[in-house]
Amino acid sequence: MQIMYTIELIQAISDWQQGGNKEQKSARGIKLKEVASLLPEKFRSKEALCYRRISLDKSAVWSIGTNLHIKETISSWTEDISVAKNFKGGVPKIGYQGAIFKIEETDGSVILNLHKLFQDKEFAAFVEKNKNNVNGYKKGMGKYLDSQKEVIIQIT
C-alpha cells in the first residue's frame, strides 16, 4: 500500500521543528495534528516510553509542588532518554530547574511519531524530492530531521 505524502505535511513538520513562541507552537501543533490525521495509524502511535526534558522557572516548580500539574498541550517528546538528557545543552541555566518527564505507552494522544515517519523510505524520498518547495526547510526539518527521535504528543 503506497501512502500519499503531501507538501502540506512536510511544511507542517518543518514549521513544527522550527519551534517558536507559545502562540506559534500552538498554531503549528494544531496544523500538524490536522494534516497528520490523514496518515496511517502506525505513524500516530508509540510502543516505547517517551521522555520530555523541560526547564521550569520558580512558578512552574511551585505549580508542580502544590498542584501536581503543569500546563501542557501538544509537545515534543522523545523515545530516547539520552536525547532528553542532552536536549538544548542538558542542564538549564541558573534560575531554572531541569526536569525529565516520562510517559507510559497509553498516556497522551500521539499526533505524529516523527521517528517512525523519518524511517519510512518513501517519505524520505518524497522529502528529498520536495524540500525546495518547503518554506524555512533549512531552519526546521532540514536542520533536525530525526536527530531528536521525536514523538509529538497531546497531553491534557
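This is a predicted model: local features need pLDDT of at least 70, side-chain atom pairs count only at pLDDT 80 or more; totals for chains, interfaces and linings use all residues.

**Entry 1: the cores**

I started with the largest nonpolar core, which has 25 residues. I listed the ones with the most contacts inside this core: Tyr-5, Ile-13, Leu-32, Leu-112, Leu-117 and Phe-123. H1 gives the largest share, five residues. As background, nonpolar side chains tend to be buried together in soluble globular proteins.

I then picked Leu-112 and looked up what it touches, skipping neighbours within four places in sequence. Its contacts are Ile-13, Leu-32, Ala-36, Leu-39, Phe-43, Leu-117, Glu-150, Val-151 and Ile-152. I also found a second, separate core of seven residues, with Cys-50, Ile-103, Ile-153 and Ile-155 among them.

**Entry 2: the largest pocket**

How much volume does the largest pocket have? I read off about 1,200 Å³. I see 35 residues lining the largest pocket, and those nearest its centre are Lys-25, Arg-52, Ile-54, Ser-75 and Lys-88. Two or more lining residues come from each of H1, H2, strand S1 (50-56), helix H3 (58-67), strand S2 (74-78) and helix H4 (81-86). Which element gives the most to this lining? S1 does, with six residues. I also sorted the lining by type: 13 residues are nonpolar, 13 polar and nine charged.

**Entry 3: the loop between H7 and S5**

Leu-145 has a phi near 40°, and Lys-149 has one of about 45°. Where does Leu-145 lie? I placed Leu-145 in the loop between helix H7 (141-144) and strand S5 (150-154). Lys-149 has its place in the loop between H7 and S5 too.

Why does Leu-145 count as partly exposed? Its relative accessible area is 40%, and the class runs between the 20% and 50% cut-offs, so Leu-145 falls inside it. I read 28% relative accessibility for Lys-149, so Lys-149 counts as partly exposed as well.

Notes: Residues are numbered from 1 along each chain as its sequence is written. Side-chain values use heavy atoms; hydrogens and water are left out. Helices (H or I, at least four residues) and strands (E, at least two) are DSSP runs, numbered from the N terminus. Buried means under 20% relative accessible area, exposed over 50%, partly exposed in between (1.4 Å probe, protein chains only). A nonpolar core is a set of buried Ala, Val, Leu, Ile, Met, Phe, Trp, Tyr and Cys residues joined through side-chain atoms within 4.5 Å. Contact means heavy atoms within 4.5 Å. On a 1 Å grid over the protein atoms alone, a cavity is a set of points where a 1.4 Å probe fits but cannot get out, and a pocket is an open set with protein on both sides within 12 Å along at least five of seven lines; lining residues have an atom within 4 Å of a point. Grid points are joined across faces, edges and corners, and a volume is the space filled by probe spheres set on the points. Ala, Val, Leu, Ile, Met, Phe, Trp, Tyr, Cys and Pro count as nonpolar, Asp, Glu, Lys and Arg as charged, and the others, Gly among them, as polar.
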